[in-house]
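Here are my notes on this model, point by point. Have it open on your screen while you read.

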Amino acid sequence: DLYQIVKNYIKSEVAESDSFLDESIDTKYITEIIDIQKGTLALNVQAFVKTYTTIDTNSLVNLIKKKSAASIKDIIDQEYGEKVSQAQIDFWPFWVKNAPKNEGRIKIILDFQ
């Protein structure tokens with residue numbers, strides 16, 4: 001229950017343009033007051049989480065259709081700038097030089113390290 005409370009609090013505090021990884025939530029609990037007579041416990045909860053700028057992969061797919069790897073990197077730089085640490089563009093098979101025009105054949109994988 002406490003984890004869910006922390007998670008909901010983090011959601012309320014993170015900017016709308018950002019998201020966070022559930023698995024990155026790190027909490028520390030410090031016991032403040034224990035009153036055995038009353039059956040109460042006061043905790044100080046510290047929560048830490050890794051956030052990232054939300055990337056709309058659907059609109060990004062529309063922007064990169066039929067573009068070269070260099071053009072795709074430029075588009076990512078224009079849209080997200082420093083918020084993306086690295087972009088790796090792979091075409092398959094090796095002789096393909098542009099992204100396909102069919103949206104279903106474009107895969108965007110976000111890697112959070």
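1. Start with the nonpolar surface patch made up of Leu2, Ile5, Tyr29, Ile34, Ile36, Leu41, Leu43 and Val45, with about 780 Å² of accessible area together. Patch members have over 30% relative accessible area and no salt bridge, and nonpolar side chains (Val, Leu, Ile, Met, Phe, Trp, Tyr) are joined within 5 Å. A salt bridge here is a Lys or Arg side-chain nitrogen within 4 Å of an Asp or Glu carboxyl oxygen. Areas are Shrake-Rupley values with a 1.4 Å probe, and for residues only the protein chains shown count as cover.

2. Before going on, a caveat: this is a predicted model, with local features needing pLDDT of at least 70 and side-chain atom pairs pLDDT 80 or more, while totals for chains, interfaces and linings use all residues. Residues are numbered from 1 along each chain as its sequence is written, and side-chain values use heavy atoms, leaving out hydrogens and water.

3. Which elements supply the patch? At least two residues come from each of α1 (2–13), β2 (26–35) and β3 (40–48), and β3 gives the most, with 3 residues. Helices (H or I, at least four residues) and strands (E, at least two) are DSSP runs, numbered from the N terminus.

4. Leucine 43 sits in strand β3.

5. On to the rings: the whole structure has 2 aromatic pairs. Rings of Phe, Tyr and Trp (its six-membered ring) pair if their centres lie within 6.5 Å; planes under 30 degrees apart are stacked, over 60 edge-to-face, and the rest tilted.

6. Tyrosine 52 and phenylalanine 112 make a tilted pair, 4.2 Å centre to centre with 45° between the planes. This pair links distant parts of the chain, 60 residues apart: tyrosine 52 is in strand β4 (residues 51–53), and phenylalanine 112 is in the segment after α3 (69–80). Tyrosine 52 is partly exposed at 23%, and phenylalanine 112 is partly exposed at 37% relative accessibility.

7. Phenylalanine 94 and tryptophan 95 pair edge-to-face, at 5.3 Å centre to centre and 80° between the planes. Phenylalanine 94 is exposed at 69% relative accessibility, and tryptophan 95 is exposed too, at 56%.

8. Last, look at alanine 70, in helix α3 and exposed, with a relative accessible area of 52%. Alanine 70 and asparagine 44 are 26 residues apart in sequence and 50 Å apart in space, C-alpha to C-alpha.

Technical notes. Buried < 20%, exposed > 50% of the residue type's maximum accessible area, 1.4 Å probe, protein only. Patch = residues over 30% accessible without salt bridge, like charges linked within 9 Å, V, L, I, M, F, W, Y side chains within 5 Å.
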